[in-house]
Amino acid sequence: MDKTDLSIIEKLTEEARTSFREIARELGVSPDTVINRYEALQETGVIRGSTVVINPKKIGYQAMAVFMIDASPTHIMATETTPTESSQILEKLIEMRNIIIATKTVGDHDLLAIGVARDFDHLTNIGADIAKIPGVKDLQVSFWIEKAELCPEYFII
Amino acid sequence: MNSNAGIDEIDVRIIRALQKDARTTFTDIARDCGVSTDTISKRFRKMEKAGVIRGTTILLNPKSFGHDCVASLGINVSYPHLNEVAELLRTIPEIVFYTSSMGRSDIFCIAVLNNVGRLSQVKDLIKGHPMVREVTTSIWVDEILLCPENFEFEHLDR
């Protein structure tokens, strides 16, 4: 990545809809250069996609929560190709409404999911739904009501 | 439930399209909705103005920038010293997100670090604070799935 790539990334991080023409003008390069660089950054996986950042509070979400999940031991000798319990749980998590980030983790738990909830009933229901996923052994929750004290301006939450 | 949001079917379709790809043209969205491009662009600006839409952004791979380790930390502190610990967190540049929380941890944060060695240093730094009782760390493995499209809108009155 060179300076031009980083400038393109910077512009699009602040406003993903900025036209390539405008970026080209600002950087003093041709629009084709910007398009080619953007496509290359996508192909090499530097840019994974683009999205709109919404304010959950404005659409009726009162709380955010992080769910820390432990998977049951399977007692099956896993090979490289065996789908693991955590992978199967992860697949279910990302299909769940109101779960907006999910990942497998190494360390204190096996998986982590971040979700948005309308109220306490809703939060409890989301927790119950996660607990129902086969292979989930234990679930711990932390939640917050106010906007986070520190949050990147363009974080998806 | 939250009628003052004033979001209707077209607004939701705009958000859904942009959640998948923020660069989708208003012309394409207009065609899908069967309305004019002008309507879409007006709706978008209306939602921006109302603060429903905070902006659009690209999703980057931290690894491409030399950050090989993304981790979350749960911190438990001796009350009422939350703010003192928060002050320490603010001095650690790798911590990109933190919030005081209820439930399992008093503070939840996300750190983007160069490597696991640095995570260990950051954890020790936090553990060194006299008001910190417990720090739990989880390293996020490669496949971090962002799924903003899981936001529900069905509860809104419209």
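Predicted model: local features only at pLDDT ≥ 70, side-chain atom pairs only at ≥ 80, totals over all residues.
Let's start with the domain assignment. Chain A is split into domain 1, residues 3-43, and domain 2, residues 56-144. If you take C-alpha centres, those two domains of chain A sit 36 Å apart.

Chain B gets domain 1 (6-58) and domain 2 (62-140). Here the C-alpha centres of domain 1 and domain 2 of chain B are separated by 36 Å.

## How α1(B) meets α2(B)

In chain B, helix α1 covers residues 9-20 and helix α2 covers residues 26-33; they pack at about 135 degrees, with 10 Å between their axes. An angle of that kind makes α1(B) oblique to α2(B). As for handedness, α1(B) crosses α2(B) in the right-handed sense.

Which residues do the touching? From α1(B) come Ile10(B), Arg13(B), Ile14(B) and Ala17(B), and from α2(B) come Ile29(B), Asp32(B) and Cys33(B). Sort the contact of α1(B) with α2(B) by class and you get five nonpolar and two charged residues, with no polar ones.

## Where α3(B) comes in

Helix α3 of chain B runs over residues 37-49, and α1(B) packs on α3(B) at about 85 degrees with the axes 10 Å apart. The range from 65 to 115 degrees counts as roughly perpendicular, so that is the label for α1(B) and α3(B). On the α1(B) side, Ile10(B), Asp11(B) and Ile14(B) take part; they meet Ile40(B), Arg43(B), Phe44(B) and Met47(B) of α3(B). The class breakdown for α1(B) with α3(B) is five nonpolar, no polar and two charged.

Now for α2(B) against α3(B): the angle is about 110 degrees and the axes lie 8 Å apart. That makes α2(B) roughly perpendicular to α3(B). The α2(B) contribution is Phe26(B), Thr27(B), Ile29(B) and Ala30(B), while α3(B) brings Thr37(B), Thr39(B), Ile40(B), Ser41(B) and Phe44(B). The contact of α2(B) with α3(B) has five nonpolar and four polar residues, and no charged ones.

Some residues turn up in two of these contacts. Ile10(B) and Ile14(B) meet α2(B) residues and also meet α3(B) residues. Ile29(B) touches α1(B) and is part of the contact with α3(B) as well.

## The contact between chains A and B

How many residues does each chain put into the contact? Chain A gives 53 and chain B gives 57. On the chain A side, the elements that each supply at least two residues are α1 (3-14), β1 (47-54), β2 (63-71), β3 (99-107), β4 (111-117) and β5 (136-144). Of these, β3(A) holds the largest share, with nine residues. By class, the side of chain A that touches chain B comes to 30 nonpolar, 14 polar and nine charged residues.

## Strands across and within the chains

Strand pairing crosses between the chains too. β1(A) runs antiparallel to strand β1 of chain B (residues 53-60), joined by seven bridges. Within this pairing, Ile47(A) has Leu60(B) as its bridge partner. β3(A) is linked by three bridges to strand β6 of chain B (residues 132-140), again antiparallel, and Val106(A) stands opposite Ile139(B).

β6(B) has a partner inside chain B as well: strand β2 of chain B (residues 69-77) pairs with β6(B) over eight bridges in the antiparallel sense. One opposite pair to look up is Asn76(B) and Glu134(B), the latter in β6(B).

Terms used: Residues numbered from 1 in each chain as written. Chains lettered and ligands numbered in written order. Axes fitted to C-alpha atoms, helices over the stretch in contact; angles between N-to-C directions. Helix = DSSP H or I, 4+ residues; strand = E, 2+ residues; numbered from the N terminus. Parallel < 35°, antiparallel > 145°, perpendicular 65-115°, else oblique. Left-handed = near helix turned anticlockwise from the far one by under 90°. Contact = placed C-beta atoms within 7 Å. Nonpolar A, V, L, I, M, F, W, Y, C, P; charged D, E, K, R; others polar. Domains from an automatic or database assignment. Pairing = 2+ DSSP bridges.
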